[in-house]
Amino acid sequence: MGKRGEDAEKETGRPAARKAPAEKRGATGRGTLGTYKGDPLTGSRSRTLMRLLPVVLLVAGVVFDEAAPPRFNASPLYAAAPLIAAPFFSLLGTVLTGALALAVVVLLQWQTGTLGGVDSTTELLTILTCALLALLSNRLVSRSGEQLATARSIAEAAQRAVLPIPAERIGGFDIAARYEAAQADALIGGDLYAVQETPHGVRLLVGDVRGKGLGAVEAVAVVIGAFREAAEQESSLEKVAQRLERALAREGVRREGLDQFEGFTTALLAEIPPGQSVVRTVNRGHPEPLLLHGDGDVRVLVPTQPALPLGMGDLGVWPDRSDATPFPSGATLLLFTDGLTEARDRNGVFYDPATRLTGRRFEAPDHLLEALSREVRVHTGGGPQDDMALLALRRP
């Protein structure tokens with residue numbers, strides 16, 4: 001099996017898989033950009049049951065009409081069948097369901113000799129009206145679905161433009177990234193990450209913009225744009241942080257309302273200089289990253305000098321100072337936002353990644369991020385309560 005396979009087997013308690021499934025690793029096998037909103041199999045089963053419900057109603061109506069006294073009829077069941085079919089069936093399926101309901105009623109009336117009577121005609125008109133309403137509903141649902149699909153495709157394209165999935169390997173390091181939004185149907189929020197190979201080494205950024213919605217996304221774009229430019233041009237990580245500070249100050253001037261005065265971004269900047277087995281970090285009010293060693297030891301990279309988040313320079317100005325930490329071969333640097341550390345279970349207990357990861361080993365960064373995402377879902381009973389961005393870099 002090999003050493004890495006044995007390590008993975010110890011970590012999971014199961015035989016090590018040779019390769020993670022594509023759906024676990026994302027489209028590129030490097031990371032994912034998206035959300036987790038429950039078990040997809042459960043949703044599939046629910047849709048299947050709803051598709052069967054119109055048939056069940058028709059069968060139940062026939063049974064009721066055959067067993068009940070003549071003064072009772074099951075017309076509500078026949079009328080409901082096409083209405084329930086409308087949001088789940090195609091146009092043809094909805095038409096066939098309505099036609100089948102009418103045919104069943106006509107056959108039963110003919111069998112009982114009531115076809116053509118006033119009450120029978122009223123029953124047929126009621127079912128016909130419901131069938132026509134079902135057709136209208138089907139068209140509206142179909143059009144809304146098309147609009148939603150278009151909106152989601154645009155949102156996904158915008159998301160990949162703002163937060164592109166990094167390459168599998170950058171500057172000789174293995175990379176994996178993952179983003180999970182807490183808001184239903186959201187693809188992107190206020191969390192951000194970026195990785196860039198520069199003349200000064202591989203530089204990384206993970207941050208969390210205050211606020212939600214489009215305003216937060218705009219700030220994310222500003223921060224990432226400023227980082228990519230500064231990471232190439234500035235000789236030190238401290239100068240990169242100052243460039244981001246000035247970019248957010250300019251952004252704050254054009255924003256309105258509370259964000260104009262209280263907009264800020266927590267950020268963690270990291271740098272692995274070329275030819276050196278160290279990682280330098282500058283922490284601006286962000287959760288401390290973790291350094292996972294190959295033997296299972298976990299080190300929390302606590303800054304020697306606490307600093308305010310980006311965008312809060314009016315409250316105090318002092319020079320940024322980076323911290324250098326040994327970064328040996330086989331170690332993994334894990335950066336994340338507070339969506340991970342503030343994930344709570346039903347008793348209000350926070351998820352502690354340092355404690356959970358101690359003594360464990362992972363074959364690759366994407367395996368680590370998949371394990372964290374899975375454990376947060378289990379810990380919270382569904383998914384993160386806040387947006388969660390994860391970024392892992394491993395020195396082979």
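This is a predicted model: local features need pLDDT of at least 70, side-chain atom pairs count only at pLDDT 80 or more; totals for chains, interfaces and linings use all residues.
In sequence, Q385 and R344 are 41 residues apart, yet their C-alpha atoms are 8.0 Å apart in space.

Zooming out, the protein chain has 396 residues, and 44% of them are buried. Its secondary structure comes to 12 helices and 12 strands. Among contacts with a separation of 6 or more, 71% join residues 24 or more positions apart.

How confident is the predictor? The mean pLDDT of the protein chain is 81, with 78% of residues at 70 or more. Two stretches call for a more careful reading. Over residues 1-30, pLDDT stays under 50, though the model still has 42 contacts beyond four places in sequence for this stretch. Residues 33-42 also stay under 50, and here the model has 21 such contacts.

Next comes a helix pair. Packing of two helices is described by the angle between their axes and the distance between those axes. For α4 (residues 75-85) and α5 (residues 91-112), the axes come within 8 Å and cross at roughly 170°. Angles over 145 degrees count as roughly antiparallel, so α4 is roughly antiparallel to α5. On the α4 side, the contact is made by Y78, A81, P82 and A85, while α5 brings in T94, T97, G98, A101, V104, V105 and L108. Sorted by class, that contact has eight nonpolar and three polar residues, with no charged ones.

As for aromatic rings, a search of the whole structure turns up one pair. The ring centres of F173 and F327 are 6.3 Å apart and the planes are at 5°, so this pair is stacked. Where do the two partners, F173 and F327, lie? F173 is in strand β3 (residues 173-180), whereas F327 is in the loop between β10 (323-326) and β11 (332-336), so the pair ties together parts that are 154 residues apart in sequence. Both partners are tucked away from solvent by the accessibility criterion: F173 counts as buried because its relative accessibility is 7%, and F327 counts as buried because its value is 0%.

Definitions and conventions. Residues are numbered from 1 along each chain as its sequence is written. Side-chain values use heavy atoms; hydrogens and water are left out. Axes are lines fitted to C-alpha atoms, for helices over the stretch in contact, and angles run from 0 to 180 degrees between N-to-C directions. Helices (H or I, at least four residues) and strands (E, at least two) are DSSP runs, numbered from the N terminus. Angles under 35 degrees count as roughly parallel, over 145 as roughly antiparallel, 65 to 115 as roughly perpendicular and the rest as oblique. Contact means heavy atoms within 4.5 Å. Ala, Val, Leu, Ile, Met, Phe, Trp, Tyr, Cys and Pro count as nonpolar, Asp, Glu, Lys and Arg as charged, and the others, Gly among them, as polar. pLDDT is the predictor's confidence in each residue, from 0 to 100. Rings of Phe, Tyr and Trp (its six-membered ring) pair if their centres lie within 6.5 Å; planes under 30 degrees apart count as stacked, over 60 as edge-to-face and the rest as tilted. Buried means under 20% relative accessible area, exposed over 50%, partly exposed in between (1.4 Å probe, protein chains only).
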